[in-house]
Amino acid sequence: MEPETSPSRPDELRRGVLVFVFLAILTAIEYFIGTHELPVILLWVIALIKAGLVIWYFMHLKRAFREEGEHE
Amino acid sequence: MSAEVPALKPAHSYAYKLRTQRIGLWLFILSDAFMFGGLLVTRFYLLGNRRPDLDQFVGLIVTSVLLISSFFMNRAEVHISQGNQRGFITSTLITMLLGIGFLAGVIGVEWRMAHFGPADGPQGAVFYMMTGMHAFHVLTGVIFLAIILRNGLKGHYSAERHWAVEAAANYWHFVDVVWIFFYPALYLIGMAI
Amino acid sequence: MKKILSIGMIRGLLAQVVGMAIGFGLVTLLQTLTGQPLKAEPAWVVGGFISALSFLTGLGIFNDWFRMARGDEVPEPEEVEEPRGLRRYWGVSYDHKVIGVQYAFLSLFLLAMGGSFALIFRVELAQAGLQFLSFNLFNTLIGLHGMVLIASILMGISAISNYVIPLIIGARDMAFPRLNAFSFWVAVPGALLLVFSLALGGFETGWTGYPPLSVRGPMGVQMFFLGVWFVGWSSILGALNLITTILRMRSKGMGYFRMPILAWAVLSTSIIALTATQMIGLSFQLVLFERLLGMGFFDPAQGGNPILFQHLFWFYSHPAVYIFVLPGLGVVSELLPVFVRKPLFGYRWVAMSSFGIGLVGFLVWAHHMFAAGMEEYLRVPFMYSTLLVAVPTGVKFFSWTATIWQGRMRLQTPMLFLIGAIVIFLLGGITGPLLGTVSTDLHATDTYYVVGHFHATMFGGYVFPFFAALYYWYPKITGRRMSERLGKWHFWLLFIGFMVMSLGQMRIGLLGMRRRIADYDPALGFQLPNLIITLAGFAVALSVLLLFINMFRSARKGEPATGNLWESRSPEWQIPSPTPAHNFSGEVVVTGDPYDYGLEGAPGYVRLEADLTHSPQPAD
């Protein structure tokens with residue numbers, strides 16, 4: 001089940017955790033901003049950052065641009 | 001006709017086709033994003049600096065549920081790309097359950113708790129249409145997850161070939177991205193009416 | 001019975017009727033069980049929605065996808081066995097050539113239908129007073145004339161792109177053959193629903209479906225919305241497929257700036273169709289739900305705003321006209337060099353101008369709303385962006401004139417239609433600034449001037465190029481060419497008829513004839529012009545009839561044309577006609593530029609390599 005040819009395994013799982021932690025923190029900040037009448041523009045900026053994180057790390061946007069589409 | 005046409009050599013390799021399919025899926029996502037963009041325009045055009053009066057706590061809960069589901073979705077994909085069938089099944093199952101939990105949260109709790117119906121002014125129209133369209137996408141995502149879960153249990157996916165998993169995962173993340181914008185637009189921006 | 005049911009189309013139609021009954025019954029049952037008052041409208045809407053899905057299920061378009069979902073192996077689309085002969089055109093086929101012909105068939109069918117609607121209300125308008133139509137039926141007919149023909153145009157450009165694009169980029173098929181078949185077939189129940197609106201009381205809004213009228217009127221408008229929704233999906237998914245095909249399936253050596261110009265045009269058109277089409281779907285969907293559930297999107301009494309609808313609607317419906325004309329203009333640029341035996345002037349500029357039109361096209365939608373009570377500060381920016389469209393369009397015109405300049409022109413039927421397209425599109429173009437400029441538009445808006453201008457752009461940008469493409473690629477499809485004599489009759493009748501019609505409309509429009517009215521005051525003196533316009537409309541219809549006769553007769557009796565009939569450099573003419581299965585037997589390698597006609601010593605555009613894997617003894 002666990003071939004030796006996957007040295008990236010812990011890295012990728014750890015990266016997923018890291019991205020998720022970032023997203024969670026940002027969501028908490030969002031909630032705080034939203035309930036404390038702070039500038040709305042911050043909410044947009046955070047939403048864009050969150051979307052960027054998901055699109056880049058979870059959806060692997062760059063795979064659509066890589067020439068031979070192998071998995072990682 | 002078929003007699004004179006011998007068996008064809010595939011025009012492209014699997015890897016080449018894979019990227020073609022990825023481009024196709026991204027184009028679909030782009031197209032769908034325009035529809036959700038239109039809903040956001042509708043929300044700001046009609047409500048502007050006001051927002052529907054909703055329960056903040058439930059909103060935060062469902063948002064967290066969807067975010068966590070995205071985390072497990074990513075985990076499922078990483079597992080299958082490394083050949084870990086067990087991890088893939090577990091993570092997919094968790095993702096699916098969280099998705100169903102999100103649907104229950106929005107439709108079962110939020111829709112019931114809201115003190116306005118779809119016919120009550122612009123906030124009703126906007127709120128039910130936005131959450132409704134999003135919930136419809138979550139529902140289709142759950143169906144895709146059920147399909148890959150079933151086929152995954154039968155062992156159809158391998159570390160090398162799991163386009164269906166990748167597609168379902170990308171779709172699921174896209175639905176999450178939509179909610180990343182819908183959550184502030186519905187719950188946080190503006191003053192509650 | 002079994003034999004009849006083996007035809008996919010018939011299975012689909014039966015399933016659609018059954019689906020409608022099921023949906024209708026289900027909602028009625030639910031209403032009865034919950035003790036609500038029985039309302040027909042939700043029942044029809046749900047019925048209509050389910051009926052379209054049942055059509056597709058009955059047809060069998062989902063079969064392979066269901067199999068995939070179950071985890072079964074499905075064959076490569078190329079290897080699927082399909083029935084021979086004409087039968088395969090009436091069911092699911094994954095061959096892009098079959099799908100292209102299916103699209104063309106549906107397009108011409110809808111063209112005849114939408115055109116006939118126009119003839120009916122033109123007869124009504126030939127004299128003042130109300131003769132044989134009711135106001136409601138008149139409005140329904142103008143609305144259906146618009147939307148049925150929009151569907152016809154969308155199918156027509158899909159026909160050209162589906163048949164021709166894989167051939168001219170040297171591919172065996174589209175990128176996603178199953179999706180391709182789906183995109184065609186989803187339009188069929190859509191078109192049926194559109195026409196079904198006639199049976200449910202029609203609708204009063206015209207093709208734009210503006211609220212508040214569409215919220216209040218008869219419920220035929222719901223079928224209209226549903227029909228557009230399904231046809232929209234056809235357009236979106238077809239565009240997705242075409243973009244991917246052009247990006248990924250080009251033959252070896254075909255860099256982006258060695259692509260045929262038609263591929264550029266289709267690429268930019270598809271980008272618009274992929275994204276903007278969602279907005280018309282959304283805007284109609286919002287009205288649909290406003291009618292069903294009382295959601296107050298566009299009702300000011302409930303805090304809604306009807307202007308919002310117009311923003312959403314025109315965000316698609318203005319770029320839509322570029323969806324219609326860009327492939328047509330691409331056809332003009334593609335075929336002109338063949339018939340004047342000269343290279344296309346300014347290839348890169350023409351390629352980029354399609355993109356320019358596409359991009360600017362996204363920024364001009366509000367010029368339809370100058371008189372609609374829109375936010376006033378939007379007027380001037382939208383006026384400037386609108387006039388900006390003239391720049392990339394002008395690039396195309398300069399390219400065409402410079403290409404024709406000193407060419408050795410061959411006046412065959414396709415060339416006649418190309419000239420007609422250029423002249424009429426110019427007419428449509430130069431009548432545009434008057435409407436794009438706020439100060440003049442406030443006077444000309446909602447008059448027949450708009451009607452004349454719009455029809456000139458559609459005929460110049462789509463209809464004439466589409467007919468040119470039909471005459472040009474017909475031999476590729478059938479192996480026989482269409483009659484030149486009938487073709488020339490078709491052209492002159494259409495050209496003159498259309499000119500009279502369009503100029504007449506512009507004239508009475510400037511004199512004050514309102515659009516979308518079934519009756520007008522005889523004292524205005526528009527009786528004679530209206531009669532002439534009606535007669536010219538019949539001339540146009542007659543010319544299209546000639547085309548149909550020509551197509552049917554030439555399919556059997558036409559002069560055989562299996563070789564490179566037009567002496568084109570394009571890859572599709574280097575293989576025999578009708579196009580063999582899987583198009584090219586070997587690999588296509590691009591060795592030169594696409595339009596180097598009449599140049600001494602220019603290398604050929606493509607080289608066809610014999611494929612060794614196909615020979616009886618594999619060479620190893």
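The contact between chains C and B takes 37 residues from chain C and 32 from chain B. This is a predicted model, and two pairs of chains are in contact in it, with chains B and C sharing the most contacts. Chain A and chain C, on the other hand, do not touch.

**Where chain C meets chain B**

- On the chain C side, the elements that give two or more residues are helix H9 (220-248), helix H10 (261-293) and helix H11 (306-340).
- H10(C) hands over the largest share of that side, at nine residues.
- Sorted by class, the side of chain C that touches chain B has 18 nonpolar, 14 polar and five charged residues.

**Where chain B meets chain A**

- This contact draws 31 residues from chain B and 31 residues from chain A.
- Three helices of chain B each supply at least two residues to the side facing chain A: helix H1 (14-47), helix H2 (56-81) and helix H5 (163-188).
- H2(B) gives the most here, with eleven residues.
- By class, the side of chain B that touches chain A splits into 16 nonpolar, eleven polar and four charged residues.
- As for chains A and C, their nearest C-alpha atoms are 11 Å apart.

**Chain A on its own**

- Chain A has two helices and zero strands.
- Of its 72 residues, 19% are buried.
- The unreviewed UniProt entry annotates residues 16-34 and 40-59 of chain A as "transmembrane region".
- Residues 16-34 of chain A are 100% helix, and the C-alpha atoms at the two ends of this span lie 27 Å apart.
- Residues 40-59 of chain A are 95% helix and 0% strand, and here the end C-alpha atoms are 27 Å apart.
- On confidence, chain A averages a pLDDT of 82, and 78% of its residues score at least 70.
- Watch residues 1-7 of chain A, though: pLDDT stays under 50 there, and the model has four contacts for them beyond four places in sequence.
- Where pLDDT is low, the predicted coordinates should not be read in detail.

**Chain B on its own**

- Chain B has five helices and two strands.
- Reading from the N terminus, the elements of chain B go α-β-α-α-α-α-β.
- Its C-alpha atoms fill a box of roughly 70 × 40 × 25 Å along the principal axes.
- Chain B has 193 residues, and 49% of them count as buried.
- Take the contacts in chain B between residues at least 6 apart in sequence: 83% of these join residues at least 24 apart.

**The two domains of chain C**

- Chain C is divided into domain 1 (1-75) and domain 2 (95-574).
- Where the domains meet, 14 residues of domain 1 of chain C are in contact with 19 residues of domain 2 of chain C.
- Helix H3 (residues 40-59) of chain C brings the largest share of the domain 1 side, eleven residues.
- That domain 1 side of chain C has nine nonpolar, three polar and two charged residues.

**Nonpolar cores**

- The largest nonpolar core has 244 residues, and the ones that touch the most other members are Ala151(C), Trp185(C), Ala187(C), Ala263(C), Leu418(C) and Ala468(C).
- Domain 1 (1-75) and domain 2 (95-574) of chain C each put at least three residues into this core.
- A second, separate core has nine residues, among them Tyr448(C), Val451(C), Met506(C) and Ile508(C).
- Leaving out residues up to four places away in sequence, Ala468(C) touches Val331(C), Leu335(C), Pro414(C), Phe417(C), Leu418(C) and Ala421(C).

**A stop at Arg341(C)**

- Arg341(C) lies in the loop between H11 and helix H12 (347-361) of chain C.
- Arg341(C) counts as partly exposed because it has 14 C-beta neighbours inside 10 Å.
- Not counting residues up to four places away in sequence, Arg341(C) touches Gly407(C), Arg408(C), Tyr597(C) and Gly598(C).
- Glu567(C) is 226 residues away from Arg341(C) along the chain, yet their C-alpha atoms are separated by 9.3 Å.

Notes: Residues are numbered from 1 along each chain as its sequence is written. Chains are lettered from A and ligands numbered from 1 in the order in which they are written. This is a predicted model: local features need pLDDT of at least 70, side-chain atom pairs count only at pLDDT 80 or more; totals for chains, interfaces and linings use all residues. pLDDT is the predictor's confidence in each residue, from 0 to 100. Two residues are in contact if their C-beta atoms, placed from the backbone, lie within 7 Å. A nonpolar core is a set of buried Ala, Val, Leu, Ile, Met, Phe, Trp, Tyr and Cys residues joined through C-beta atoms within 7 Å. A residue is buried if 20 or more other C-beta atoms lie within 10 Å of its own, exposed if 12 or fewer, and partly exposed in between; C-beta atoms are placed from the backbone. Domain bounds come from an automatic or database domain assignment. Helices (H or I, at least four residues) and strands (E, at least two) are DSSP runs, numbered from the N terminus. Ala, Val, Leu, Ile, Met, Phe, Trp, Tyr, Cys and Pro count as nonpolar, Asp, Glu, Lys and Arg as charged, and the others, Gly among them, as polar. UniProt positions are given in the numbering used here, feature names are shortened, and annotations may be inferred rather than shown by experiment.
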